[in-house]
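Trainee: I would like to go through the labels used for this model and see what each one rests on.
Mentor: Ask about them one at a time, and we will set each value against its cut-off.

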Amino acid sequence: MTECIKLTVFVLVLALCGCVNFAAPPPLVTGGGPQPLPKNHSEVALALGTGLALFDDAHSGGSGWLGRWRYAVSDRLDFGMDMAGAAHGDTGTFNFKGATRYSINPRLRWEGSIGAADSSDGKSLSLESAMTVGPGGKNSQWNRYASLRFAMAKGYPEDALGEDSEGEVNTPPDTLFGLVNLGLTAKISKNQRFFFELGVGAVNPKDEDVGVLLFWGVGLLNVISQ
């Protein structure tokens with residue numbers, strides 16, 4: 001039996017820097033603790049947030065949205081996708097990733113993804129891996145979690161419409177990302193939780209100095225039984 005849940009919003013996406021160009025990462029939001037989805041259940045999430053990219057001689061911020069869907073093929077394994085959009089200054093980015101999550105135990109979950117992005121500064125393909133830890137209890141009113149996330153993005157040139165004022169085609173440099181995400185979930189019903197998440201980490205474009213990444217967001221998780 002399918003339980004229909006009305007989706008409302010709140011929570012996040014990483015904002016990309018417009019002053020120091022770099023290949024866009026996949027959506028880097030954890031969005032909830034390591035507790036596995038029950039088999040044949042789906043998870044849907046919507047979120048809004050804001051973020052900053054800080055370098056020694058440049059910095060920029062922005063805001064965006066995140067949409068997520070996951071489906072559990074077993075009590076430990078699920079598959080799905082994330083989509084995110086961000087506006088930073090007069091430019092924008094759309095990110096997408098296909099992801100899988102595997103629960104090693106109720107307190108520890110691994111996640112891996114392959115992603116793509118299209119921004120005003122160029123295109124990118126990405127790989128990501130993450131580990132999430134937290135309490136195993138499912139029925140607590142409040143739960144905390146933490147994630148360690150790593151990603152690499154390879155930049156590709158824009159088409160002719162992406163040429164700069166001198167007629168050169170933009171190609172964002174290949175970039176490495178590392179983040180620690182700290183989150184809190186609040187139970188509002190049997191199948192719904194708010195999540196609040198803060199991320200702090202580093203961004204390292206090829207041939208550039210390392211910068212700092214920050215984001216903050218809030219979102220709504222919904223579990224739908226089949």
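**Labels and their grounds**

Trainee: Why is R101 called buried?
Mentor: Its relative accessibility is 1%. The cut-off for buried is under 20%, so R101 counts as buried. This is a predicted model, and R101 lies in strand 4, residues 91-105.

Trainee: What makes the pair R101 and E43 a polar contact?
Mentor: The two side chains are 3.4 Å apart at that contact, and the limit is 3.5 Å between N or O atoms. The pair therefore falls within the limit. E43 is also among the residues in contact with R101 beyond four places in sequence, a list including R68, R70, D78 and W110.

Trainee: Why is N40 called partly exposed?
Mentor: N40 has a relative accessibility of 33%. Buried requires under 20% and exposed requires over 50%, so a value of 33% is in between and N40 counts as partly exposed. N40 sits in the segment before strand 1 (41-54).

Trainee: Why is D207 called exposed?
Mentor: Its relative accessible area is 74%, and the threshold is over 50%; D207 therefore counts as exposed. D207 belongs to the loop between strand 9 (192-205) and strand 10 (211-225).

Trainee: What makes the phi of N40 worth a remark?
Mentor: Phi of N40 is near 65°, a positive value, and N40 is not glycine. Most residues other than glycine have a negative phi. Phi of D207 is likewise near 65° and positive.

Trainee: What makes up the largest nonpolar core?
Mentor: This core has 12 residues, among them F22, A23, L28, F55, F177 and F215. Membership requires buried residues of the nonpolar kinds, joined through side-chain atoms within 4.5 Å. Strand 7 (142-156), strand 8 (175-189) and strand 10 each supply at least two of its residues. A second, separate core holds 8 residues, including A45, A47, F195 and L221.

Trainee: Which residues is A23 in contact with, beyond four places in sequence?
Mentor: The list includes A153 and F177, which are themselves listed in the largest core. S124, K154, G155, P172, P173 and T175 are also in contact with A23.

Methods. Residues are numbered from 1 along each chain as its sequence is written. This is a predicted model: local features need pLDDT of at least 70, side-chain atom pairs count only at pLDDT 80 or more; totals for chains, interfaces and linings use all residues. Side-chain values use heavy atoms; hydrogens and water are left out. Helices (H or I, at least four residues) and strands (E, at least two) are DSSP runs, numbered from the N terminus. Buried means under 20% relative accessible area, exposed over 50%, partly exposed in between (1.4 Å probe, protein chains only). A polar contact is a pair of N or O atoms within 3.5 Å; within protein, one must be able to donate a hydrogen and the other to accept it, and residues adjacent in sequence count only if both atoms are side-chain atoms. Contact means heavy atoms within 4.5 Å.
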